[in-house]
Amino acid sequence: MTELVKLPHFVSVENLSTDQITSLIERAEYFKKGGATPELTKPVYVTNMFFENSTRTHTSFAMAEKKLGLTEIPFDSAHSSMSKGETLYDTCLVMNALGVDLTVIRAKENNYYNALINPGEGQHLELGIVNGGDGSGQHPSQCMLDIMTIHEKFGHFDGLKVAIVGDITNSRVARSNMEILTRLGAEVYFSGPEYWYDHEFDKFGKYLPFDELVEEVDVMMLLRVQHERHDGDANEATFDAADYHKKYGINHDVYQRLKKDCIIMHPGPINHDVELAGDLVEAPKSMFFKQMQNGVFMRMAMLEAVLRGRKLGGLE
């Protein structure tokens with residue numbers, strides 16, 4: 001096994017080296033196969049601060065923390081002092097002062113973590129930050145579990161053809177995945193409504209009509225249509241779910257045209273019969289269930305990296 005990763009925080013995938021990515025995948029796969037978790041000689045306290053709704057990510061982190069032997073301190077965002085105007089930094093300062101060692105945060109603001117991991121002069125926040133998703137910016141844990149799932153299927157990334165399809169501009173999943181996949185040697189393609197595609201992504205791959213990709217790609221990565229992020233988008237008023245499914249979704253006809261060993265991925269929650277036909281969610285080519293399973297073990301590897309990077313629990 002490669003050297004274990006040690007990080008002070010885990011907020012983005014952009015600064016990870018290829019060796020670190022490989023090590024995290026190996027560590028997550030080790031945990032999945034029943035490998036022993038690190039023995040903590042001191043208690044570690046963690047809180048999960050989610051300011052956007054979440055089922056998979058929130059529960060997956062909680063399960064990962066439990067498996068690692070961490071003690072979770074409950075946090076209810078709706079009844080926190082942030083509802084009275086307290087800043088996120090001050091809330092983290094409170095948690096830190098009360099003895100919390102690290103926190104997993106999901107926030108609506110892009111790059112919210114910059115003010116937490118780079119405190120200003122006179123500020124003394126000593127709290128490990130793990131990014132559970134920031135606005136339409138990054139979703140590092142989803143990216144890493146996706147990478148793990150692809151590696152588990154193919155054993156490599158070099159030359160794999162990966163299509164990222166759908167509401168790309170609003171997707172933190174897409175932004176995280178396109179950069180890492182390209183760096184690992186995959187060929188990335190984009191598709192979906194052109195009004196949800198930004199040419200800033202051209203540096204990572206090529207936009208093509210959906211129909212041209214169906215029979216060519218190894219991985220079909222579907223994105224949820226994020227209606228909640230479409231305020232002011234004129235296309236939202238004319239959105240038609242049936243039309244979207246016909247043009248960009250995986251129905252039974254499209255499913256049969258996919259390569260035999262192609263896998264379908266989706267970060268969830270799935271809009272049934274929009275991105276994917278409801279009765280194909282658990283089809284053999286769908287990795288939706290496996291992605292969720294892998295998420296627990298990858299988040300264990302990510303949390304362990306921060307534990308070691310901050311020398312928490314007696315780990316080095």
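Helices here are DSSP runs of H or I with at least four residues, strands are runs of E with at least two, and both are numbered from the N terminus. The model is predicted: local features need pLDDT of at least 70, side-chain atom pairs count only at pLDDT 80 or more, and totals for chains, interfaces and linings use all residues. Residues are numbered from 1 along each chain as its sequence is written, and side-chain values use heavy atoms, with hydrogens and water left out.

**Stop 1: helix α1**

Select residues 18-32, which make up helix α1. Check its length against expectation. The expected span of a helix is 1.5 Å times one less than its number of residues. For the 15 residues of α1 that gives 21 Å, and the end C-alpha atoms are 21 Å apart, so the two agree.

Now colour α1 by burial. Buried means under 20% relative accessible area, exposed means over 50%, and partly exposed lies in between (1.4 Å probe, protein chains only). The buried residues of α1 include Ile-21, Leu-24, Ile-25, Arg-27 and Phe-31. What do the buried residues of α1 pack against? They pack against α2 (56-68), α5, α6 (172-183) and α11. Contact here means heavy atoms within 4.5 Å.

Pick Tyr-30, also in α1. Tyr-30 is partly exposed, at 31% relative accessibility. Step just past the helix to Gly-34, which takes a positive phi of about 95°.

For a sense of distance, select Tyr-30 and Pro-209 together. They are 179 residues apart in sequence and 39 Å apart in space, C-alpha to C-alpha.

**Stop 2: the sheet**

Show the strands β7, β6, β5, β8 and β9. In that order, these 5 strands form an open sheet with parallel pairing. Two strands pair if DSSP finds at least two bridges between them. Strands of a sheet pair through backbone hydrogen bonds, either parallel or antiparallel.

Which strands stand at the edges? They are β7 (205-207) and β9 (263-265). Each has a single partner strand, so one side of each is left without a neighbour in the sheet. From one strand to the next, the twist averages 20°.

Zoom in on β6, residues 187-191. Strands β6 and β7 pair in the parallel sense over 3 bridges. Select Phe-190 and find Tyr-207 of β7 opposite.

**Stop 3: salt bridges**

A salt bridge is a side-chain nitrogen of Lys or Arg within 4 Å of a carboxyl oxygen of Asp or Glu. The whole structure holds 12 of them. Side chains of opposite charge can pair when their charged atoms come close.

Stay on α5 and select Glu-152. Glu-152 forms a salt bridge with Lys-32, with the closest N and O atoms 2.8 Å apart. Glu-152 lies in α5 and Lys-32 in α1, so the pair ties together parts that are 120 residues apart in sequence. Glu-152 is partly exposed at 31% relative accessibility, and Lys-32 is partly exposed at 27%.

Next, select Arg-310 and Glu-126. Their side chains meet in a salt bridge (3.6 Å, N to O). Arg-310 sits in the segment after α11 (288-309), while Glu-126 is in the loop between α4 (114-117) and β4 (128-134), 184 residues apart. Arg-310 is partly exposed at 21% relative accessibility. Glu-126 is exposed, at 56%.

Now go into α11. Arg-308 and Glu-304 form a salt bridge (2.9 Å, N to O). They are 4 residues apart in this helix, so about one helical turn separates them. Are they buried or exposed? Arg-308 is buried at 13% relative accessible area, and Glu-304 is buried at 3%.

**Stop 4: backbone details**

Select Gly-268 and Pro-269. The peptide bond between them is cis, with omega near -5°. Pro-269 is in the loop between β9 and α11.

Asp-273 lies in the loop between β9 and α11. Asp-273 has a positive phi of about 65° although it is not a glycine. Asp-273 is partly exposed, with a relative accessible area of 44%.

End at Lys-311, in the segment after α11. Lys-311 has a positive phi of about 55° and is not a glycine. Lys-311 is exposed, at 56% relative accessible area.

Conventions: Axes are lines fitted to C-alpha atoms, for helices over the stretch in contact, and angles run from 0 to 180 degrees between N-to-C directions.
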